[in-house]
Amino acid sequence: MSHETNTPASAGHGSSNTGTSLYIILTVTAALTAATAAQTSLLLTLPPWAMFMGWVAYFTRRPSAAEGFQTWVCTIFGLCVGAAATLAVPLLAPTLGSVAFPLVVLCVALLVISMRGLPVLSNLLGYFIGMITFFAAHIEPELSSIAKLGSATAIGSIAGWLVQTVEKKVRSILPA
């Protein structure tokens with residue numbers, strides 16, 4: 001899943017058989033991890049598509065446990081911002097009319113985009129993935145909704161970390 005393993009040719013510079021084998025091992029590992037994470041989501045009554053949002057979020061930065069956790073926290077904040085925006089528009093609409101929606105979008109964009117300057121939680125894509133996940137779920141803006149989607153994205157982030165960790169281990173064992 002790393003950025004270095006996008007094609008069989010780039011899987012290794014040694015023998016093509018070893019490179020192909022490495023590519024196949026890493027591909028099957030990622031696919032099995034995806035299937036397991038999706039089934040785990042279903043068993044926990046969490047949306048598998050939201051799990052994949054967490055997986056995508058994990059790989060928006062250099063793959064590592066620390067970066068993955070920070071990105072997941074940004075995703076959770078994004079879920080919260082999405083829920084707040086969902087609450088704000090109908091609250092402001094009676095007073096502001098059709099201006100309520102663009103005003104809320106402006107405020108949300110200013111908040112989220114400015115957070116890219118934070119020293120640790122600076123993953124702008126993580127925030128947006130969280131907001132997109134919340135809006136795509138079409139669920140009520142409640143703490144239980146954020147917990148449900150946050151749990152699903154956590155499974156995805158853990159799956160991404162697992163794939164990256166296994167890949168690193170396999171690459172250290174097999175010659176590339």
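Into which class, buried, partly exposed or exposed, does Cys107 fall, and at what relative accessibility?

Mentor: Before the answer, a word on the basis: this is a predicted model, in which local features need pLDDT of at least 70 and side-chain atom pairs count only at pLDDT 80 or more, while totals for chains, interfaces and linings use all residues. Residues are numbered from 1 along each chain as its sequence is written, and side-chain values use heavy atoms, with hydrogens and water left out.

Cys107 counts as partly exposed, because its relative accessibility is 45%, where buried means under 20% relative accessible area, exposed means over 50%, and partly exposed is what lies in between (1.4 Å probe, protein chains only). Cys74, by contrast, is buried at 0% relative accessibility. A search of the whole structure for disulfides (pairs of cysteine sulfur atoms within 2.5 Å) returns zero.

Leu87, Leu91, Leu92, Leu96, Val99, Leu103, Leu106 and Leu110 together make a nonpolar patch with about 700 Å² of accessible area. Such patches are built from residues with over 30% relative accessible area and no salt bridge, like charges being joined within 9 Å and nonpolar side chains (Val, Leu, Ile, Met, Phe, Trp, Tyr) within 5 Å; the areas themselves come from the Shrake-Rupley method with a 1.4 Å probe, and for residues only the protein chains shown count as cover. Helices α3 (65–96) and α4 (100–114) each give at least two residues to the patch, and the largest share, four residues, belongs to α3. Here helices are DSSP runs of H or I with at least four residues, strands are E runs with at least two, and both are numbered from the N terminus. Leu91 is one of the patch residues; Leu91 sits in helix α3 and is exposed, since its relative accessible area is 66%.

In general, a pair of aromatic rings is described by the distance of the centres and the angle of the planes. Rings of Phe, Tyr and Trp (its six-membered ring) pair if their centres lie within 6.5 Å, and planes under 30 degrees apart count as stacked, over 60 as edge-to-face and the rest as tilted. By this rule there are four aromatic pairs. One of them joins Phe52 and Trp55, whose ring centres are 6.1 Å apart and whose planes meet at 35°, so this pair is tilted. These two residues are three residues apart in helix α2 (residues 48–58), which means that about one helical turn separates them. Phe52 is partly exposed at 37% relative accessibility, whereas Trp55 is buried at 7%. Phe134 and Phe135 also form an aromatic pair, edge-to-face, with 6.3 Å from centre to centre and 75° between the planes; Phe134 is buried at 2% relative accessibility, while Phe135 is partly exposed at 40%.

Around Phe52, the residue touches Ala34 and Ala38 when residues up to four places away in sequence are not counted, contact meaning heavy atoms within 4.5 Å. The C-alpha atoms of Phe52 and Ile155, although 103 residues apart along the chain, are separated by 8.5 Å. Ser157, found in helix α6 and buried at 8% relative accessibility, is in contact with Gly54, Trp55, Tyr58 and Trp72, leaving aside its neighbours within four places in sequence.

As for charges, the whole structure contains two salt bridges, each defined as a side-chain nitrogen of Lys or Arg within 4 Å of a carboxyl oxygen of Asp or Glu. Arg61 and Glu67 form one of them, at 3.4 Å from N to O, and here Arg61 is partly exposed at 23% relative accessible area, as is Glu67 at 25%. Glu167 and Arg171 meet in a salt bridge at 2.9 Å, N to O. Their four-residue spacing in helix α6 (residues 143–173) means that they are separated by about one helical turn; Glu167 is buried at 4% relative accessibility, whereas Arg171 is partly exposed at 22%.

Two loop residues complete the account. Thr45, in the loop between α1 (16–43) and α2, has a positive phi near 55° although it is not glycine, and it counts as exposed at 60% relative accessibility. His138, in the loop between α5 (124–137) and α6, likewise has a positive phi, near 50°, in a residue other than glycine, and His138 is exposed, with a relative accessible area of 72%.
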